Amino acid sequence: MFTLDTTIDINASPERIWAILTNFSHYSEWNPFIINASGVPKAGQRLSISIATRPGRSMTFRPQVLRVKHAQVLAWRGRFLIPGLFDGVHTFVISPLEDGTVRLSHSETFSGLLVPFMRRKLNRDTRAGFSKMNHALRVRAEAASQPRG
């Protein structure tokens, strides 16, 4: 097994961050890592997720939603070909902080026969994708939470 963990603090409400994370039809507007997503964020449902693997290249998979807790947790499991070959549990955890900001923990735990061969690429490329997504989410959430005038 191999886990990628990233975090970012965001100056927005948990509800605002949740609204952005679960509004899959708008991912293409802001998300540089998950460039297209569709489906219903409900346990047991299948999603369609396309990630940017390299400039101009993407990969689409159909993960199953594992856990949904409104404004707190969203998790899904994706698999490559067959269970046990290359599986990933992708998780977002939204945690309010005492100062009124929110910490987003964005992680994925990979397991399966191919993980040892993919570890370097995951640590480099996938971690970079998570960070880009986290920053884009922060920009979108904080811009939306500012009063307009």
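The structure is a predicted model. Its largest pocket holds about 930 Å³ of space, and the count of aromatic pairs comes to five. Strand 6 takes part in two antiparallel pairings, one with strand 5 and one with strand 7.

**The largest pocket**

- The lining of the largest pocket consists of 41 residues. Those nearest its centre are Ile51, Thr53, Met59, Phe61 and Phe86.
- Two or more lining residues come from each of strand 2 (34–38), strand 3 (48–54), strand 4 (57–61), strand 6 (73–79), strand 7 (87–96), strand 8 (102–111) and helix 3 (115–145).
- Helix 3 gives the largest share of this lining, with nine residues.
- Sorted by class, the lining has 21 nonpolar residues, nine polar residues and 11 charged residues.

**Aromatic pairs**

- Among the five aromatic pairs is that of Phe33 and Phe130, whose ring centres are 5.5 Å apart. The planes of these two rings stand at 75 degrees; an angle over 60 degrees counts as edge-to-face, so this pair is edge-to-face.
- Phe33 belongs to the loop between helix 2 (27–30) and strand 2, while Phe130 belongs to helix 3; the pair therefore ties together parts that are 97 residues apart in sequence. Phe33 and Phe130 are both buried.
- Trp76 and Phe92 form another edge-to-face pair, with 5.7 Å from centre to centre and 65 degrees between the planes.
- Because Trp76 lies in strand 6 and Phe92 in strand 7, their pair ties together parts that are 16 residues apart in sequence. Both Trp76 and Phe92 are buried.
- One aromatic cluster is formed by Phe24, Tyr27 and Trp30.

**Strand 6 and its partners**

- Strand 6 is mostly covered, as five of its seven residues are buried.
- On one side of the pairing, strand 5 (residues 64–69) and strand 6 are antiparallel and share five bridges. Within this pairing, Arg67 has Ala75 of strand 6 as its bridge partner.
- Three residues lie between strand 5 and strand 6 in their hairpin, where Ala71 takes a positive phi near 60 degrees.
- Strand 6 also pairs with strand 7 in the antiparallel sense, over seven bridges. Gly78 stands opposite Gly88 of strand 7.

How values were computed: Residues numbered from 1 in each chain as written. Predicted model: local features only at pLDDT ≥ 70, side-chain atom pairs only at ≥ 80, totals over all residues. Heavy atoms only, no water. 1 Å grid on protein atoms, 1.4 Å probe; cavity = no way out; pocket = protein on both sides within 12 Å on 5 of 7 lines; lining within 4 Å. Points joined across faces, edges and corners; volume = space filled by probe spheres on them. Helix = DSSP H or I, 4+ residues; strand = E, 2+ residues; numbered from the N terminus. Nonpolar A, V, L, I, M, F, W, Y, C, P; charged D, E, K, R; others polar. Phe/Tyr/Trp six-rings, centres within 6.5 Å; stacked < 30°, edge-to-face > 60°. Buried < 20%, exposed > 50% of the residue type's maximum accessible area, 1.4 Å probe, protein only. Pairing = 2+ DSSP bridges.
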